[in-house]
Amino acid sequence: LSWVLLVTQIAYPVVVDVPYAWARHGSAVARDLFWQDAVTLFLAGAVDLTLRDLVGRARPYVYDCLAAGGSSCVSTPEAVRSFPGGHLTVAAAGSVLTCTQHLTIGIYGGPWDGIACATSLAATASISAMRIMTDSHWATDELAGVALGALIGWGVPYAMHLRRDAKGASAAPTAMILPAPVAFDRGGGLGAVGFF
């Protein structure tokens with residue numbers, strides 16, 4: 001079920017909000033939302049994958065296996081990729097992105113923007129609880145995932161200048177920060193390119 005909620009958190013801003021914004025607010029707003037969605041979700045995934053490979057923290061079930069006297073407790077690479085919580089980093093980024101866009105632009109109007117935000121936040125909280133209950137992550141993994149995801153989900157639209165002008169039209173972004181792959185001797189990483 002956590003996978004279903006995660007996919008929903010990723011897909012909702014792109015599959016539901018962008019077409020709706022296109023129909024209600026016009027193509028310029030929809031394009032802005034699409035690029036904010038794309039950059040936010042890509043960056044959240046890239047940061048999550050990079051950090052989990054760099055940190056290498058074992059999952060709770062590995063510790064349980066070792067405590068029980070197991071000898072082959074690390075059977076897959078995923079067994080030592082617990083920090084930060086991957087589901088939650090991306091889900092929180094999608095959730096905070098949804099809230100930021102809805103509460104700033106008023107994509108649906110009326111109370112529906114608040115309902116979309118609250119539903120998205122509840123889904124993220126559910127993902128966190130499920131991942132902890134299944135021994136897939138420590139609580140600190142999930143807290144770090146939420147913090148990273150929230151920072152990315154709010155920071156990207158803010159950096160891209162998500163706002164409306166006095167007439168209610170979406171203002172064009174005056175800055176854009178995009179993740180960029182960086183290759184170096186026998187490895188690679190993630191950098192950022194800014195357009196101002």
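A disulfide is taken here as a pair of cysteine sulfur atoms within 2.5 Å, and the structure holds one such link. The model is a predicted one, in which local features need pLDDT of at least 70 and side-chain atom pairs count only at pLDDT 80 or more, whereas totals for chains, interfaces and linings use all residues. Residues are numbered from 1 along each chain as its sequence is written, and side-chain values use heavy atoms, with hydrogens and water left out.

**View 1. Overall course of the protein chain.**
The protein chain has six helices and two strands, where helices (H or I, at least four residues) and strands (E, at least two) are DSSP runs numbered from the N terminus. Read from the N terminus on, these elements follow the order α-α-α-α-α-α-β-β. Of the 196 residues in the protein chain, 41% are buried; buried stands for under 20% relative accessible area, exposed for over 50%, and partly exposed for what lies in between, with a 1.4 Å probe and protein chains only. Accessible areas come from the Shrake-Rupley method with a 1.4 Å probe, and for residues only the protein chains shown count as cover.

**View 2. The disulfide of Cys99 and Cys117.**
The sulfur atoms of Cys99 and Cys117 are 2.0 Å apart and form a disulfide, which is right-handed, with 95° about the S-S bond. Because Cys99 lies in helix H4 (residues 86–105) and Cys117 in helix H5 (residues 112–133), the pair ties together parts that are 18 residues apart in sequence. A disulfide is a covalent bond between the sulfur atoms of two cysteines. Cys99 counts as buried because its relative accessibility is 8%, and Cys117 is buried with a relative accessible area of 9%. Helix H5 also holds Ala118, which counts as partly exposed at 44% relative accessibility. The C-alpha atoms of Ala118 and Thr98 are separated by 9.7 Å, the two residues being 20 residues apart along the chain.

**View 3. The aromatic pair of Tyr20 and Tyr108.**
The structure holds three aromatic pairs, a pair being rings of Phe, Tyr and Trp (its six-membered ring) whose centres lie within 6.5 Å, with planes under 30 degrees apart counted as stacked, over 60 as edge-to-face and the rest as tilted. One of them joins Tyr20 and Tyr108 in an edge-to-face arrangement, at 5.0 Å centre to centre and with 90° between the planes. Tyr20 lies in helix H1 (residues 2–25) and Tyr108 in the loop between H4 and H5, so this pair ties together parts that are 88 residues apart in sequence. Tyr20 is partly exposed at 36% relative accessibility, whereas Tyr108 counts as buried at 17%. Arg24 lies in helix H1 as well and is partly exposed, with a relative accessible area of 43%. Arg24 and Tyr108 are 84 residues apart in sequence, and their C-alpha atoms are 8.4 Å apart in space.

**View 4. The rings of Phe34 and Trp35.**
The ring centres of Phe34 and Trp35 are 5.3 Å apart and their planes stand at 80°, so the pair is edge-to-face. Phe34 counts as partly exposed at 35% relative accessibility, and Trp35 is partly exposed with a relative accessible area of 46%.

**View 5. The largest nonpolar core.**
A nonpolar core is a set of buried Ala, Val, Leu, Ile, Met, Phe, Trp, Tyr and Cys residues joined through side-chain atoms within 4.5 Å. The largest one has 12 residues, namely Leu6, Val39, Ala44, Val47, Leu88, Val90, Ala91, Ala93, Ile127, Ile152, Val156 and Met160. At least two residues of this core come from each of helix H2 (27–55), H4 and H6, and H4 gives the most, with four residues.

**View 6. The loop position of Arg59.**
Arg59 has its place in the loop between H2 and helix H3 (60–67), where Arg59 is buried with a relative accessible area of 5%. The C-alpha atoms of Arg59 and Val80 are separated by 6.0 Å, although the residues are 21 residues apart along the chain.

Leu151, Trp154 and Tyr158 form a nonpolar patch on the surface, together having about 390 Å² of accessible area. Patches are made of residues with over 30% relative accessible area and no salt bridge, like charges being joined within 9 Å and nonpolar side chains (Val, Leu, Ile, Met, Phe, Trp, Tyr) within 5 Å; a salt bridge is a side-chain nitrogen of Lys or Arg within 4 Å of a carboxyl oxygen of Asp or Glu. Tyr158 is found in helix H6 (residues 139–159) and counts as exposed, at 57% relative accessibility.
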